[in-house]
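I opened my notebook and went through this one entry by entry. Have a look at it yourself before reading on.

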Amino acid sequence: MKSVLIGVVLCLSSLHAAHAMNLVQDGSFESTVLADGTYTIVRQATLGPWTLGSNGLELRNKVVGSAYDGKVFAELDAFGGNSWISQSLSTTAGQWYELSFAYANRPAFPANSNGLGWSLDWSAGSRTGAVPQLPFNPTGEHVWKIFTTRFQATESSTLLKLSATGLSDGAGSSLDAISVMPVAAPIPEPESWALMVLGLLVLGGWQLRRRQAAQ
């Protein structure tokens, strides 16, 4: 029994530590309390730690889909049209981080309404990219996908930004569970290792020839 309790405590400690490592604040938008079956349009310039684009942000709870994490999820194509959100993260220059979030097409809406080739644009400091467009979802519920990418911070503060793409028609991709976690530096590919070894061999041979010539 004692060993079981120790295991539970260690597991909970690990979960707490992993959660605490997330640099994104309110990444699941749960600071906004909404009753089931309701939504709201946030029109001010900020929402807690988030800075919002001029078209604001739509938050929903079990309206045209359910959240991936918790109860509330966001849509960046609010009634005013495509919008964006951003948050300044405290990072360490040279450290690698993993950006992850859940996204989904608005159920029963044409795929191009959610994005034309790409569902969302993202940037983390100077690193930019786009999230692939998802196929048409004919159901009445979300089909969530997880997008992940890695970037290396260059400064002590990194601006994370997520933007809607596609038709600016008030019916865009849903977004939830945004996180940025520190990770180990990527391991070089086998080809990179081979080049490094070859370089060391060439350098060693060159130094050997120099010593032999000096004798």
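**Entry 1: strands 4 and 5.** I started with Glu58 and looked up its bridge partner in strand 5, which is Glu75. Strand 4 (residues 57-61) and strand 5 (residues 73-75) are antiparallel, and 3 bridges pair them. For the record, strands (E, at least two residues) and helices (H or I, at least four) are DSSP runs numbered from the N terminus, and two strands pair if DSSP finds at least two bridges between them.

A word on the source: this is a predicted model, where local features need pLDDT of at least 70, side-chain atom pairs count only at pLDDT 80 or more, and totals for chains, interfaces and linings use all residues. Residues are numbered from 1 along each chain as its sequence is written, and side-chain values use heavy atoms, with hydrogens and water left out.

**Entry 2: Glu58 again, now its side chain.** I found Glu58 in a salt bridge with Arg60, at 3.4 Å from N to O. I count a salt bridge when a side-chain nitrogen of Lys or Arg is within 4 Å of a carboxyl oxygen of Asp or Glu. Are Arg60 and Glu58 buried or exposed? Both are buried, meaning under 20% relative accessible area, with exposed being over 50% and partly exposed in between (1.4 Å probe, protein chains only).

Entry 3: I traced an open sheet of 6 strands, paired antiparallel in the order 1-4-5-14-9-12. Its edges are strand 1 (38-42) and strand 12 (145-152), each of which pairs on one side only. On average, neighbouring strands of this sheet are turned by 30° against each other, direction ignored; the axes behind that angle are lines fitted to C-alpha atoms (for helices over the stretch in contact), and angles run from 0 to 180 degrees between N-to-C directions.

**Entry 4: other salt bridges.** I searched the whole structure and got 6 salt bridges. One of them joins Asp36 and Lys71, whose closest N and O atoms are 3.7 Å apart. Why does this pair tie together parts that are 35 residues apart in sequence? Asp36 sits in the loop between helix 1 (2-20) and strand 1, while Lys71 sits in the loop between strand 4 and strand 5, so the pair spans that separation. I noted Asp36 as partly exposed at 43% relative accessible area, and Lys71 as partly exposed at 47%.

Arg150 and Glu98 form another salt bridge, with closest N and O atoms 3.3 Å apart. This pair links distant parts of the chain, as Arg150 is in strand 12 and Glu98 in strand 9 (residues 96-104), 52 residues apart. Both ends came out partly exposed: Arg150 at 37% relative accessibility and Glu98 at 25%. I also saw that salt bridges with shared partners join Glu58, Arg60, Glu75 and Arg106 into one network.

**Entry 5: aromatic rings.** The whole structure gave me 7 aromatic pairs. Rings of Phe, Tyr and Trp (its six-membered ring) pair if their centres lie within 6.5 Å, and planes under 30 degrees apart count as stacked, over 60 as edge-to-face and the rest as tilted. The ring centres of Tyr97 and Phe151 are 5.7 Å apart and the planes meet at 25°, so I logged this pair as stacked. Because Tyr97 is in strand 9 and Phe151 in strand 12, the pair ties together parts 54 residues apart in sequence. Both Tyr97 and Phe151 are buried.

Next I checked Trp122 and Phe147, a tilted pair at 6.2 Å centre to centre and 45° between the planes. Trp122 is in strand 10 and Phe147 in strand 12, 25 residues apart, and both are buried.

**Entry 6: the whole protein.** My tally is 3 helices and 14 strands, and buried residues make up 39% of the 215 residues.
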